[in-house]
Amino acid sequence: MARVLVTDGDQRAALAVVRSLGRAGHEPFVCESRPRSLAGASRHARRQAVAPDPLAEPEAFRAALTDLVREWRIDVLLPISEAALLAVLPHREAFAGVAIPFPDAARFRRISDKAELLEVARGIGIGVPAQYRVDCRGAADALPAQPIHYPVVVKPTRSVVEAARGGRAKASVVHVADDVALRALPPESFPVLVQERIVGPGTGVFLLLHEGEVVASFGHRRIREKPPAGGVSVSRESVRPDPELEALSIRLLQAFSWDGVAMVEYKVDARTGAPYLMEVNGRFWGSLQLAIDAGVDFPALLVQLACGDRPAAVRSYRTGVVSRWSWGEVDHLLARLRHSRQALALPPGYPGRARAILDFLRAFGPRSRDEVFRLGDPGPAVREARDRLAGGGALMRRLRWR
């Protein structure tokens with residue numbers, strides 16, 4: 001069995017990884033930029049440690065990992081966030097003898113570049129939204145008329161960008177109602193992709209590839225998100241992906257010579273039923289626990305591969321499994337109650353507030369399973385509740401989109 005270091009312990013994906021590996025007999029170790037983390041509170045976590053934030057201090061973060069790898073005699077290193085991967089992958093030599101089951105830095109950067117990704121996808125027959133690229137604010141000021149109708153979605157070409165004063169920063173997706181709002185974006189937002197808005201449900205194809213072959217495949221549909229107009233899923237259901245879409249998703253990853261886990265995310269146009277590619281996340285995703293609950297244990301399979309074993313391919317799993325992130329459901333409801341449809345950029349026909357309250361109550365019914373709270377491992381849920389309720393009344397004053 002392997003000793004595995006899992007980074008970004010406050011992320012739900014890290015918790016799912018730690019639980020998966022602990023049940024499989026491995027020894028998970030956790031690091032995070034604060035002493036007490038979500039994954040570190042799991043009974044499956046062997047030990048936890050504080051490491052610098054990979055987003056703000058990538059070099060210090062990497063140095064801390066090398067110390068932990070040596071101290072804990074780590075066999076496999078699993079960076080969870082994009083920032084952690086960007087800090088680690090270009091410097092594999094610093095972790096000699098440790099398996100890092102992700103592609104090299106060049107491939108990771110290529111698939112994370114939304115402009116290149118969508119161009120490659122278009123070439124193999126995957127639908128992509130109509131779009132154009134704006135490299136700087138001055139270019140936005142001089143834009144000619146474009147064949148995309150407002151409102152539009154403005155996306156950074158990369159989710160994690162180099163900050164002006166060193167380190168890195170997260171870049172966000174925004175909805176823009178007109179060209180005045182587009183030209184008002186701050187200079188640091190650029191370069192961006194200006195895309196037509198696809199209104200409809202989100203769906204994902206989740207894959208694990210090894211040497212070009214599919215080791216595991218899974219699909220889910222999004223039920224609710226935060227922010228409500230589009231973001232991370234707070235409720236979702238396991239489904240069988242459309243075979244053609246799954247095949248195209250595999251071809252897309254193979255076009256990047258991908259090796260490891262990836263989430264290929266689509267929006268299905270409510271008017272036409274056509275799927276459009278949104279992005280590819282070449283790492284573990286926030287709703288990972290749903291795949292594990294449905295029978296596709298991506299973390300355990302990835303560590304098997306990292307250790308030199310070749311597991312049997314997993315393509316069968318339970319459909320109709322529903323999971324929720326309970327605090328995410330709370331955030332979704334608070335957003336609906338506190339903000340107008342216009343402020344939330346909700347599309348026409350989006351359910352009203354009364355329906356939002358009803359959906360929130362239904363989310364806690366017997367059909368849905370909480371992804372953080374587990375009776376046999378309650379520590380992470382207790383930790384999350386303490387954090388969210390800290391400061392007495394803070395829950396009603398803040399709305400976190402993380």
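**Helix and strand packing**

Modeller: The axes of helix α1 (residues 12-23) and helix α10 (residues 298-306) approach within 8 Å and cross at roughly 65 degrees. The model is predicted, so local features require pLDDT of at least 70 and side-chain atom pairs pLDDT 80 or more, while totals for chains, interfaces and linings use all residues. Residues are numbered from 1 along each chain as its sequence is written, and side-chain values use heavy atoms, with hydrogens and water left out.

Axes are lines fitted to C-alpha atoms, for helices over the stretch in contact, with angles from 0 to 180 degrees between N-to-C directions. Helices (H or I, at least four residues) and strands (E, at least two) are DSSP runs, numbered from the N terminus. The crossing of α1 and α10 is right-handed (the near helix is turned clockwise from the far one by less than a right angle; anticlockwise is left-handed). Val17, Ser20 and Leu21 of α1 make the contact (heavy atoms within 4.5 Å) with Pro299, Ala300 and Val303 of α10. By class, this contact has five nonpolar residues, one polar and no charged. Ala, Val, Leu, Ile, Met, Phe, Trp, Tyr, Cys and Pro count as nonpolar, Asp, Glu, Lys and Arg as charged, and the others, Gly among them, as polar.

The crossing of α11 and α13 is left-handed. Glu329, Val330, Leu333, Arg336 and Leu337 of α11 meet Arg353, Ala356, Ile357, Phe360 and Ala363 of α13. The residues of this contact comprise seven nonpolar, no polar and three charged.

Turning to the strands, an open sheet is built from four of them in the order β3-β2-β1-β4, with parallel pairing (strands pair if DSSP finds at least two bridges between them). At its edges lie β3 (47-50) and β4 (76-78), each of which pairs on one side only. From one strand to the next, the twist averages 20 degrees. Strand β2 (residues 27-32) runs parallel to β3 and is joined to it by four bridges, and Cys31 stands opposite Ala49 in β3.

The loop between β3 and α2 (58-72) holds Leu55. Leu55 counts as buried because its relative accessibility is 17% (buried is under 20% relative accessible area, exposed over 50%, partly exposed in between, with a 1.4 Å probe and protein chains only). Leu55 lies 115 residues from Lys170 in sequence, yet their C-alpha atoms are 7.9 Å apart.

Strand β12 (residues 213-226) is mostly covered, with 11 of its 14 residues buried. Strand β11 (residues 202-210) runs antiparallel to β12 and is joined to it by eight bridges; Leu207 has Ser217 in β12 as its bridge partner. The hairpin of β11 and β12 has two residues between the strands, and Glu211 in the turn has a positive phi of about 50 degrees. β12 is also joined by seven bridges to strand β13 (residues 232-239), again antiparallel, and Glu225 stands opposite Ser233 in β13. Five residues separate the strands in the hairpin of β12 and β13, where Gly230 takes a positive phi near 145 degrees.
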